[in-house]
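Work through the exercises below with the sequence and the model open. Each task is followed by a solution in steps.

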Amino acid sequence: MRNVSSRINPDSEGNEMTGSTIPRRGFGRLLRSFRERSQKSMLTAGLAIDVSPPTILRLEDGLPSKISTPQIERLLDIYQVAPAEHAEALEMWDAVRRQDKLAKAQGTSKGWWQGYSDVYKTYFDHYLRLEDAATQMTSHQLVLVPGILQAPAYRRAIITATVPEMSAVDVERLLELAARRQQRLVNDSLNLVALLSESVLLHQPGGPGVLTAQLRHIAEIGERSNVSIRIVPHQVGTHPGLIVQSFTLLEFPPMASKLMEPPVIYTEGAEGALYLERRDVIDRYKQAVAGMQAVALSEEDTRDLVSRMAREHSA
């Protein structure tokens, strides 16, 4: 198997906005640790700087918040942060503010995906922020091709089945959103490991013709050095993927500070999504990935299988 984790181009377009996401999330996580250590509630913190608890939550989650430097200093005071930690926190906050100014000057402060926010579910906005910051994605899917690999006709079939009343214009906008996400695979700014159940190759959203085009797309994009696609065949029997089910693991580049941005597991259902960050949970999913890789077809055998099935469906 190729070591796709080493094939990231640090100068590519897709990495330009990671700075505005990762330092903010790292800073928010640091503030949360200070607050919890001091045993202060979000309500207490909010009252101290005259903001609501949801604003404190957004700050700690690494989301944009209208918070000033004096308010940050006040929070550090009520959390009784030691001088060395106080200085480190303000240094991180300064990095966040510099990145925000740069993003605003470049016109990217809200994220390019915000232009499509009226046509996707609200919880997906957070995922898009994470995906844009990630440099490594591992996706395991039991039923459908992951979004980052979906061909236009396949994606269109899923959209129309999910929201049949959606206008033709909005369907096209969602297809455009998908294409812009997939561009990161083309410019090598995202490494992808896709572990797909053999069942993914059998379901036919849109019919045999659509599936044929999708399979050909998988075979083609799987040739890229930053993309690894492997099928987990039915014949291997029970494997960890059947237990953890479908998920996406996002991993991030190192931060300039001593802090590391931890990986995130994203799982999605019909009514919402979960974002999992606990270290023991991440470790279990990584063990599941290793277990699936041990029984999955090689990349070459996967391409042979996918190409053969594409020919069969086109016959």
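**Exercise 1.** Are Phe247 and Tyr285 buried or exposed?

Solution. The model is predicted, so local features need pLDDT of at least 70 and side-chain atom pairs count only at pLDDT 80 or more, while totals for chains, interfaces and linings use all residues. Residues are numbered from 1 along each chain as its sequence is written, and side-chain values use heavy atoms, with hydrogens and water left out.

Step 1. Apply the cut-offs: buried means under 20% relative accessible area, exposed over 50%, and partly exposed in between (1.4 Å probe, protein chains only).

Step 2. Phe247 is buried, and Tyr285 is buried too. Across the protein, buried residues make up 48% of the 315 residues.

**Exercise 2.** Classify the ring pair of Phe247 and Tyr285, and locate both residues in the chain.

Solution. Step 1. Rings of Phe, Tyr and Trp (its six-membered ring) pair if their centres lie within 6.5 Å; planes under 30 degrees apart are stacked, over 60 edge-to-face, and the rest tilted.

Step 2. The ring centres of Phe247 and Tyr285 are 4.8 Å apart and the planes are at 70°, so this pair is edge-to-face.

Step 3. Phe247 is in strand 4 (residues 247-251) and Tyr285 in helix 11 (residues 279-295), 38 residues apart, and the pair links distant parts of the chain. Helices (H or I, at least four residues) and strands (E, at least two) are DSSP runs, numbered from the N terminus; the protein has 12 helices and six strands.

**Exercise 3.** Describe the pair formed by Tyr120 and Phe124, and the cluster around the pair.

Solution. Step 1. A search of the whole structure gives eight aromatic pairs. One of them joins Tyr120 and Phe124, edge-to-face, at 6.0 Å centre to centre with 75° between the planes.

Step 2. Tyr120 is buried at a relative accessible area of 10%, and Phe124 is buried at 15%.

Step 3. Ring pairs connect Tyr120, Phe124, Tyr127, Tyr266 and Tyr275 into a cluster.

**Exercise 4.** How do helix 7 and helix 8 pack?

Solution. Step 1. Two packed helices are described by the angle between their axes and the distance between the axes. Axes are lines fitted to C-alpha atoms, for helices over the stretch in contact, and angles run from 0 to 180 degrees between N-to-C directions.

Step 2. Helix 7 (residues 152-162) and helix 8 (residues 168-186) pack at about 130°, with axes 10 Å apart. Helix 7 is therefore oblique to helix 8 (under 35 degrees is roughly parallel, over 145 roughly antiparallel, 65 to 115 roughly perpendicular, and the rest oblique).

Step 3. The contact (heavy atoms within 4.5 Å) is made by Pro152, Arg155, Arg156 and Ile159 of helix 7 and by Val171, Glu172, Leu174 and Leu175 of helix 8.
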